[in-house]
Amino acid sequence: MIELQLISGLVSAAILFLLASGLSLIFGVCHVLNLAHGAFFLLATFLAYMVTSQLAVTEFDFWIALILVPLAVAGVGAVAEITLFRRLYGANILLQVLPTIALIFIISDLVRFFWGLEPLAVPTPTGFNFPIELFGVFFPSYYAVVVVAGALVALLIWFLVYKTDWGLLIRAVSQDRDMARALGVKANRIFTSVFALGTGLAGVGGVLFAPIGGANLGTDMDAVIEAFAVVVVGGLGSVWGSAVAALLIGMLKAFGILIVPQFALAFVFGLMAIVLVIRPTGLFGARE
Amino acid sequence: MNARVEQMTQGGAAAASRRTLYVLAAVSILLLAIPVFGYQPLIINATDTLILALLVLSLNLLVGYGGMISMGHAAFFATGGYTAGLLAKFVDTPFLVAFAAGPLAAAILAAIIGALCVRLTHAYFIMLTLAFAQLVYTVIWKWRGLTGGDDGLIGFSPPTFLLNNTVYYYFALAVVTACIYALYRICESPFGRTLTAIRDNPDRATFIGVNVRAKQWTAFIIAGFFAGVAGVLQAYFHRGMFVNAAHFITSADALVILLLGGSRWFVGPLIGAVVFKILFISIPTITVYWPLFIGLVILAVALFMPDGLAKFGDILRPKAIVRERKRA
Amino acid sequence: MKFFKSLALAGMTASMIAGGTASAETLKIGLISAKSGVFAIFGTSGEKGAMLAAEEINAAGGVLGRKIELITSDSKSRPEEASRLFREAVAQGATVVLGVIGSGETQAVSTLAREQKVPFFTGLGYSRFLTEEAGHRYFLRIITNSSAYYGPMVERLLKDGHKRYCTINNDFAFGRDLNESVMADLKKGNPQVEVLPGCEFWVPLGTTDFSTYLTALLSKKPDIVMFGGLVGPSGRAFVAQANQFGLFQRMAGAHPALGWPANAVGLREQDIPKRTIITGSDYPYPPPKTEDSERFFAAFKKRWNEDPVSEAAHGYATIQFIKKAFEKAGKVDREAFIDATAGLDIVHPSLGAMKMRGFDNQSTAGVWVGYLGWSKQYNRPAMEDVIFVPGEKYLPTEEQVKKLRSK
């Protein structure tokens, strides 16, 4: 019983991590509360549908989608940053938050325009349709793909942020933007690339999620609210924090439904509020 | 030279206040005349706009004057309405008592939530207001026995004389006007000035001895109170209170209106509310993709008219004073 | 600044007056549909069904010599919008109003309908209390009362003898109503029926990730899982994921409304376990082979180039019912209209003949019951082994309604 919930909690955690890490990065570096993050996730699920079901060219469509869709979503994110957010960095915070709300409306309505109102199914990648037996229960093997992919992406981000020059610049800019600029760092390019990476991560999450949950309107609001809870608990700007918090909240949901099925979700907001009150910067966020 | 400038600006100031008076008179006449046409949709929409304007005006005390972006203001709006509705429905409370209880309950909730939120700044403040608002929403949704959950709270009405749309409109107009006046006095009072000083430079304010947290907390409570008034007006007008009044979307709508109208001017929310209502009513009659258009409008305003529409009101002020305001 | 405000108000007045003019001799029917927001998928099709009926009626001469003029609007799935639009429709001359809107919205409008004495039909509100405790003279329902919806399914489940239940539902009015009523009736029919402890799950609307719930269900090992309150994307996602976990090989499944085309849409053939999930529908695929049903299907498909769903059929039937009631009343008058509806019968495209009960304004609409399956012909989820169950015996009696309303 417990083992089963652990495993399914792990799957939730993987998706949550992909969502939250992108959001955390964008806030940590660009100081933008990207409320539209869920909309990018939503877009990715529908693009995954498009590649795997509408275009349906090869047997490896899913893997093609897993590469192309996050790139496309990252592209949209980069465009949004260049045309929109870059102009608003110095402005008051109302002017930074509202355009993200506007993006939610725009992206989700465009998705409705192109794909309609009905929920759409996205096929699992061929070769992963067989079930694995674990603890007396059959798990779809695809879930293993999700967990492994989540872990790989986490490693990739860690590598990028801590082991590359680009990562060094990101950390510099997020710690002290003005100083970094004074030292010659092209902050603009950093911002764009971080925005692209952040939304690209949401894109990966969306593609991985699509065979599980399908492509449905309304996913954007649910996704962003949960992502925020994770980011708050883990600490804005800390990828490591997102990972830990994603595990924590994934498990909270998985076990919460066993203990108090009625209020599992309220727990998540409650936790979010408690963390903000007691330790606003989260578990791993930088102390202000 | 100074005397000349002084003469000019004083003369200009007098002219400005005359112009303002004319505008106020014209608007008052127009507002009073709305039901004269007898056209029900106009009366109904005007009433809804008044309620919306009050809600956003209360939010602007926090956002525009206090520099605190609250994404959970809908919680107080809902609390005001639900409290009045619950009292009216289950306890058969007289109208005036329920009407007073709503804003009071909202103010109490604002005191609790505000005490926790004002300890934080910037993004953290925003997120905590969001988290609390979601909690309030969840409680209203889940406590079906009390609030009706997503079926809504129905089964109460305003007193008989208020059932007529026209009468209710004048009633709402009177209440909202009184609230506008009260908020105006608050915003222009020393308290209001302190609030803007905190907004502009919290460190300097602390340095000169202002208790920043206390002032912000007070603002939070006042804002919650007036949001509660709007909620009660809404509950009685619609003969019911529904859970989406506490939803994030309602808070977001209010912020959009602040952007449209401009948060730096007292009247910004009023203008924004009217414009938003017009957009919200007319665009859906043309297309089902109205969120897309509203989103584009928001982007356009954010990029090209970030101060909001109220900026155009500057033509009513003489140049010297305009320049003075901009520096401040 | 204030100048702007007055200008704007003037503009609003002008546009409203311009929009409100219409010719004198039409029969205006208000049509409020949720065309955006959570209920969009239902409202858009309901409107199409109603529009089709209005067009057909107008082509054949209209009602009492007048053409039907539908005053359409989008409630955006928001109750305050629905109530505002209702008032506007009435102000623009609507004699009766039809609403394909969610339960909160329906509630809001029902209150106003009673206050203003305007007949209001619901095209999407199935909750019992709408015609029971909260019912009144001006609220009418052609569609099924939810007790007639799950009644037949409960009988079927009792017959199959399941005892150990787990339930999982969306946490909203319809879901709670359904779960409460179904489990109560099951226990009444068989006292040994139990919901296993810790096995009553509530998920938010729109949830599509059920992995943690599925593992929990598999651990509990019930005889059957009742998931009737999972609607829209949740219902679809649950079935698809459950199938991947092989859930329905280990337990049976019951969902009174998965046969609704709008609930099962998005499921693929491989997602549906064969002859395992007991379900119901008010518009099953393949559509019933009656003359009315086939005529409606063909006309709808031709007009809108899409397959009709339940709400389209309901909108269609309601407009036809309205026509019949006005003709029986002989005049365009609201009170005469209401009086004429009592005992009036109508033929619904998929539910066949039904009668409107005068004492609670609820129709005797029934439901189709069978297994969830697949239709190769229409290439969409369908029902197999269907039988039609008339609704009358599941509805409350006149005395019961009187008692409920007197509280």
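In chain B, residues 318–328 have pLDDT under 50, pLDDT being the predictor's confidence in each residue, from 0 to 100. The model has eleven contacts beyond four places in sequence for this stretch, a contact being heavy atoms within 4.5 Å.

I noted the ground rules. This is a predicted model: local features need pLDDT of at least 70, side-chain atom pairs count only at pLDDT 80 or more, and totals for chains, interfaces and linings use all residues. Residues are numbered from 1 along each chain as its sequence is written, chains are lettered from A and ligands numbered from 1 in the order in which they are written, and side-chain values use heavy atoms, with hydrogens and water left out.

I then checked chain B overall. Its mean pLDDT is 88, and 91% of the residues score at least 70. Helices are DSSP runs of H or I, at least four residues, numbered from the N terminus.

Next I turned to the interface. I found 39 residues of chain B in contact with 38 residues of chain A. How many salt bridges cross between chain B and chain A? The rule (a side-chain nitrogen of Lys or Arg within 4 Å of a carboxyl oxygen of Asp or Glu) finds zero. On the side of chain B that touches chain A, helix 5 (122–142), helix 11 (248–261) and helix 13 (290–304) of chain B each give two or more residues. Helix 5 of chain B gives the most, twelve residues.
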